2 protein chains.
Amino acid sequence: KNDNSQQQPSQKKSKKDEAGKFLLKAPKGTRDFDPLQMAVRDNVFKKIIECFQLHGAVTIDTPVFERKEILTQKYGEDSKLIYDLNDQAGELLSLRYDLTVPFARYLAMNRLINIKRYQIGKVYRRDQPCAARGRYREFYQCDFDIAGVYDKMLPDSECVKIMADILTKVDLGDFQIKINHRKLLDGMFEVCGVPKDKIRLVSSSIDKLDKTEWTDVKKELVEEKSIDPEVADKIGEYAKLSGGMELIDQLKSDEVLNKNKSASEALDDLDLLFKYCAIFGIKDKLLFDLSLARGLDYYTGVIYEAILKGDLVDYIAEQQKKALAEKAAARAVAIEKAKGKKTKEILELEDEDADVNVSSGVGTVAAGGRYDELVNMFDKKQNVPCVGLSIGVERLFAVMEAKIKRDNLKVRACETEVYVATPQKGLVEERLRLCQMLWEANIKTEHSYKANPKILHQLQYCEENKIPYAIIIGQDEIENRVVKLREVASRAEETVPREKLIETLSEKLLKTIKTY
Amino acid sequence: KNDNSQQQPSQKKSKKDEAGKFLLKAPKGTRDFDPLQMAVRDNVFKKIIECFQLHGAVTIDTPVFERKEILTQKYGEDSKLIYDLNDQAGELLSLRYDLTVPFARYLAMNRLINIKRYQIGKVYRRDQPCAARGRYREFYQCDFDIAGVYDKMLPDSECVKIMADILTKVDLGDFQIKINHRKLLDGMFEVCGVPKDKIRLVSSSIDKLDKTEWTDVKKELVEEKSIDPEVADKIGEYAKLSGGMELIDQLKSDEVLNKNKSASEALDDLDLLFKYCAIFGIKDKLLFDLSLARGLDYYTGVIYEAILKGDLVDYIAEQQKKALAEKAAARAVAIEKAKGKKTKEILELEDEDADVNVSSGVGTVAAGGRYDELVNMFDKKQNVPCVGLSIGVERLFAVMEAKIKRDNLKVRACETEVYVATPQKGLVEERLRLCQMLWEANIKTEHSYKANPKILHQLQYCEENKIPYAIIIGQDEIENRVVKLREVASRAEETVPREKLIETLSEKLLKTIKTY
């Protein structure tokens, strides 16, 4: 193996764990990203940020932890998933659970009345981790929000537009954006006869209709949530509806629904939203879906979520199923081997998510909605309506990685353009001089950190790291004031005078298509 | 005030705190970054990353917290500054204190034998915060390291080169890179007669010589660290030396020092390092300084640190002094007012760093060195020598912000290129159509989220946010299939046919120099 290779994390001495007294691992539910994963990740981030900036957004940053009281009463039952820090001299701190609540705190604290901002950062949830399903305790969120008192559906439609732009740009297959309105749901439940205090309960059952049959949802409504079966049936009639603008018209002519102020306002909103989205050229991507409810408590208006479609999604579901099955099998073997001994490892294995039968595929890759009351929770005197979206960027990474694997795409971890190599001993200073010249010209350059490396190892390094060009300089070349310029992929070589090197190389690099 | 402005965090409703029951603030020692600060920050990061990539580095990411045992016994006394999390079902976790130890854990865990990586991430230290001095509990680190068994000074000199490249690129004034060698210090202390077990103690005193007079350092050595006065004087003779390659030659001819194997090897290293750095064109920036010792325990070879010089540094020291004095005065008044009442706010005021007399100016903006044993601490069987550098990126932000303030530079928080405005009512859909056309052409575009905004407000928004162009479309323009294209700065307007708009605008934008 080439001892000169600096890039690939696959360069391992041995796989067997002999780490000694240290348990060398990342904390439960977290992971490191290796250089290739980082290249994929940075590429996805870059595309997302370009879209946010195309729409004029600025960015902010907030600390990774917040005062605990800022986070309480924002996440309902999920609050138990918040990581707390040890008491810091009387200050109780928690790791942030999302970027929305810190954003609302930022708005309230600075008394901002409007901003259009994006924020990318890690958030923390002590959920049951499941690597095969891409569920981690530390993961990135990628949010865009428009805060301010504006006219109906103008910020909302731009959020939907940005979601569509991003999903188009990342190029991971076709997608669909489901749309609904919290006030339509409220109105709908009301006219069906759901008691006010049960609306949230019913809502969370209805939200399962994308994965669960109506008969099961109805059972849940009647048996667990004590909803009258007739009321449930009425809800079912509405919740099964989905479509485009014609469905909005249809519901607008539903007299019962239209007498409800909340529902009627929501339908006007949706009508306008679809009209604006038609101008944005994304009408075909939208699906008005009455079963969409979204989990979070704080939404107050339009809600939306995007799902990926197409063959890549099927491929991923298949891969996931395989991975989960393999894991289950491995675990069964490990538990069998341990024969009742409760070692630490076994306990951890048992602790993991064991449900291998349900394969969730990719699921939602972006979601959002309007939340007009959140800033108000921090300061009763402030009214800052907000609407936003969050890109499920960890899922996009996973889909991108699946695509690279399936289509055997080439990804480079480094961006090196040229490698300076020497075929004989004693030429290290000559190499450094060339590197210096290339760095000065802003050409991404590497060379061996061995004083007298073997030429074979140097060229292998170029091929392994997909460096497009190598410059070879030996005694002959030095005497003739030339270098050999080698195209690594084709192994074609040409002789270039030293004073022409930068020019020749720059021209060639302009024409080199970036692998990824 | 223009109700249309979406960008500036200075758009505050009121400054008085009436937040109600919530204490609306970021945790102690942390801060939010507003859009303008983020623009400055992103600009600095971009330049640094470009340099790292110019030298072929890949990047990795590790979780923000580590298993507590990974961090113990790495930071000596400073371990008390580590943030611990609440016990997570038996897993003890701590926020990372730097990026070096997680990097070593990553190398050991994956049994990597070589990598050249950069990593940018936040680290956490429960230090006494002091905003005026730029000391925070959450701050960014920006590291570059070369791991692997290589030949002498080749990776080391490239690290010094990268440090110089970055400081040149950020363009914040002249700088100097101080160089020394841990083994030279060891040898020097040995020949002066310092007992082996006191070498680290003496070293930390010597390191203060850039800010403290020799007489005070000597006093510390003799009185606090029980060093024989004659030994101290001998140390003093060496420690006061600094210079270039000629100093290396001078020390090489020092017979006492050269009999010491450690010192003699170190001098050979430094000789080679200077030779390589001369090829890299940065010899003039280097200062061989025998008083440089660096705090961290884990260094084993060459060490270096860079300091900024020039008038910007003086300006910052002055500003700092002013800020600290103002703060001290404000605190005195606040404490006086409270008349012995120990309210929470007063306690916090008293808790803060009160030392206003020492103004540290900018200090070290980059530092690093060789650490050959750290990976070995995680796995006795692994030997992965490392050398690296860390950019003091928070200090660079502060200097950049001072430069912007002093030189009244224009910074934009958003990158919007054109704003679509309408002078009459009822034209919102026309505006959306134009936005859609511009977004399609990848032109960064904004418009008002009011259905019928006033033209004055729209144009004010452009000027406030330094958007270079505005497109104005009214009834006349619609009828004639044209738009008005306005250069915001000069207020010059021209009429452009709609089908020529993208072309005309793209050409103009190519010529627009980015403000920042």
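Chain A superposes on chain B by a rotation of 180 degrees, with 0.0 Å of shift along the axis and an RMSD of 0.1 Å. The two copies are thus related as by a two-fold rotation axis. In chain A, the C-alpha nearest that axis belongs to Leu85(A), at 2.0 Å. Both copies use the same surface: 100% of the contact residues of chain A recur in chain B. The model is predicted. Between them, chain A and chain B bury about 10300 Å².

**Interface of chain A and chain B**

- In this interface, 117 residues of chain A are in contact with 117 residues of chain B.
- Carbon and sulfur atoms account for 54% of the buried area.
- The two chains share 10 salt bridges.
- Helix H16 of chain A, residues 428-440, gives the largest share of the side of chain A that touches chain B, with 7 residues.
- That side of chain A divides into 48 nonpolar, 27 polar and 42 charged residues.
- Across the interface there are 40 residue pairs in polar contact, both residues being at pLDDT 80 or more.
- One of the salt bridges joins the side chains of Asp61(B) and Lys122(A), at 2.9 Å from N to O.

**Salt bridges across the whole structure**

- Side chains of opposite charge can pair when their charged atoms come close.
- Over all chains, the search finds 76 salt bridges.
- Lys218(B) and Asp233(B) meet through their side chains in a salt bridge of 3.0 Å, N to O.
- Lys218(B) lies in helix H7 of chain B (residues 214-224) and Asp233(B) in helix H8 of chain B (residues 229-239), so this pair ties together parts that are 15 residues apart in sequence.
- Lys218(B) is partly exposed, at 23% relative accessible area.
- Asp233(B) also counts as partly exposed, at 34% relative accessibility.
- Lys252(B) forms a salt bridge with Asp268(B), and their closest N and O atoms are 3.0 Å apart.
- This pair links distant parts of the chain, 16 residues apart: Lys252(B) sits in helix H9 of chain B (residues 245-252), and Asp268(B) in helix H11 of chain B (residues 261-279).
- Lys252(B) has 29% relative accessibility, so it counts as partly exposed.
- Asp268(B) is partly exposed too, with a relative accessible area of 41%.

- Glu430(B) and Arg433(B) form a salt bridge, with the closest N and O atoms 3.6 Å apart.
- The two residues are separated by about one helical turn, because they are 3 residues apart in helix H16 of chain B (residues 428-440).
- Glu430(B) has a relative accessible area of 13%, so it is buried, the cut-off for buried being under 20%.
- Arg433(B), at 37% relative accessibility, counts as partly exposed.
- Elsewhere, salt bridges that share partners join Arg41(A), Lys122(A), Glu138(A) and Asp61(B) into one network.

**Val149(B)**

- Val149(B) is placed in the loop between strand E5 (138-147) and helix H4 (154-170) of chain B.
- The residue is partly exposed, with a relative accessible area of 48%.
- Not counting residues up to four places away in sequence, Val149(B) touches Lys450(A), Ile113(B), Asn383(B) and Pro385(B).
- Val149(B) and Leu456(B) are 307 residues apart along the chain, and their C-alpha atoms are separated by 66 Å.

- Asp42(A) is placed in helix H1 of chain A, residues 35-54.
- Asp42(A) counts as partly exposed, at 34% relative accessibility.
- Asp42(A) and Phe397(A) are 355 residues apart in sequence, yet 9.6 Å apart in space, C-alpha to C-alpha.
- In helix H5 of chain A (residues 182-192), the buried residues are Arg182(A), Leu184(A), Leu185(A), Gly187(A), Met188(A), Phe189(A) and Cys192(A).
- Just after H5(A), Gly193(A) takes a positive phi of about 100 degrees.

Definitions and conventions. Residues are numbered from 1 along each chain as its sequence is written. Chains are lettered from A and ligands numbered from 1 in the order in which they are written. This is a predicted model: local features need pLDDT of at least 70, side-chain atom pairs count only at pLDDT 80 or more; totals for chains, interfaces and linings use all residues. Side-chain values use heavy atoms; hydrogens and water are left out. Contact means heavy atoms within 4.5 Å. Buried area is the accessible area (1.4 Å probe) that two parts lose on being put together, summed over both. A salt bridge is a side-chain nitrogen of Lys or Arg within 4 Å of a carboxyl oxygen of Asp or Glu. A polar contact is a pair of N or O atoms within 3.5 Å; within protein, one must be able to donate a hydrogen and the other to accept it, and residues adjacent in sequence count only if both atoms are side-chain atoms. Helices (H or I, at least four residues) and strands (E, at least two) are DSSP runs, numbered from the N terminus. Ala, Val, Leu, Ile, Met, Phe, Trp, Tyr, Cys and Pro count as nonpolar, Asp, Glu, Lys and Arg as charged, and the others, Gly among them, as polar. Buried means under 20% relative accessible area, exposed over 50%, partly exposed in between (1.4 Å probe, protein chains only). Copies are superposed by least squares on the C-alpha atoms of residues with pLDDT of at least 70 in both.
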